[in-house]
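Morning, everyone. I have one structure to walk through today.

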Amino acid sequence: MPSAKFYLAAALMLAACAETDSPIMDAPMPASPAGPPFITSMSPDVSSAAISACQSALTAQTEGGVTVVGGETSEAATAVYMRVGANGAPWRCLVAPDGSNPDLMFMGDEGAA
């Protein structure tokens with residue numbers, strides 16, 4: 001029969017695995033230094049249709065809360081920058097201003113711990 005120490009250790013290990021209620025921790029996962037810059041300001045030219053399309057596309061493909069943190073526009077596309085889950089994983093979405101054809105890209109370092 002397991003001892004009280006065993007149950008206490010098991011309870012502490014389970015507590016350490018519990019997710020936080022916060023969608024992003026104090027230190028979100030950094031973007032890969034080898035990739036394009038990760039933008040954290042919102043250009044006023046970014047349409048709500050572009051933001052909505054990107055947020056919906058990423059929500060459908062990931063688990064955890066999706067938070068839009070920035071966006072910019074160019075002649076080629078609109079870029080919407082988002083963070084996902086408790087670790088704040090960085091993502092970019094290239095999309096047309098009308099919200100069509102969202103294209104998602106993970107911007108974190110796959111080898112990071």
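Start with the helix α2. Its buried residues pack against β1 (66–73), β2, β3 and β4. Some ground rules before I go on. This is a predicted model, where local features need pLDDT of at least 70, side-chain atom pairs count only at pLDDT 80 or more, and totals for chains, interfaces and linings use all residues. Residues are numbered from 1 along each chain as its sequence is written, and side-chain values use heavy atoms, with hydrogens and water left out.

Now the terms. Buried means under 20% relative accessible area, exposed means over 50%, and partly exposed is in between, with a 1.4 Å probe and protein chains only. Contact means heavy atoms within 4.5 Å. Helices (H or I, at least four residues) and strands (E, at least two) are DSSP runs, numbered from the N terminus.

The overall layout comes next. The protein has two helices and four strands. From the N terminus on, they run α-α-β-β-β-β. There are 113 residues, and buried ones make up 31% of them. Take the contacts with a separation of 6 or more: residues 24 or more positions apart account for 55% of those.

Which residues of α2 are buried? Ala50, Ile51, Ala53, Cys54, Ala57 and Leu58. Down the axis of α2, the buried residues fall within an arc of 165°, so they line one face of the helix. The arc is taken over the directions from the helix axis to the C-beta atoms. As a reminder, an α-helix has 3.6 residues a turn, so residues three or four places apart point the same way. On the face of α2 turned away from the buried side sit the exposed residues Ser48 and Ala60.

On to the cores. A nonpolar core is a set of buried Ala, Val, Leu, Ile, Met, Phe, Trp, Tyr and Cys residues joined through side-chain atoms within 4.5 Å. The largest one has 17 residues. Leu58, Val80, Met82, Cys93, Val95 and Leu104 have the most contacts inside it. At least two residues of this core come from each of α2 (48–61), β2 (78–84) and β3 (89–95). The helix α2 gives the most, with six residues. There is also a second, separate core of five residues, including Phe38, Ile39, Ala79 and Tyr81.

Next, aromatic pairs. Rings of Phe, Tyr and Trp (its six-membered ring) pair if their centres lie within 6.5 Å; planes under 30 degrees apart count as stacked, over 60 as edge-to-face, and the rest as tilted. How many pairs does a search of the whole structure find? Two. In one of them, the ring centres of Phe38 and Tyr81 are 5.4 Å apart and the planes are at 80°, so the pair is edge-to-face. Phe38 sits in the loop between α1 (4–17) and α2, while Tyr81 is in strand β2, 43 residues apart. Both Phe38 and Tyr81 are buried. Trp91 and Phe106 also pair edge-to-face, at 5.5 Å centre to centre and 65° between the planes. Trp91 is in strand β3 and Phe106 in strand β4, so this pair ties together parts 15 residues apart in sequence. Trp91 counts as buried at 16% relative accessibility. Phe106 is partly exposed, at 22%.

Look at Pro90, in strand β3. Pro90 counts as buried, at 0% relative accessibility. Its C-alpha atom is 7.8 Å from that of Phe38, 52 residues away along the chain. Leaving aside neighbours within four places in sequence, the contacts of Pro90 include Met29, Pro30, Phe38, Met82 and Phe106.

Gly65 lies between α2 and β1. Gly65 is partly exposed, with a relative accessible area of 37%. Then Asn101, in the loop between β3 and β4 (103–106). Asn101 has a positive phi of about 60°, although it is not a glycine. At 65% relative accessibility, Asn101 counts as exposed.
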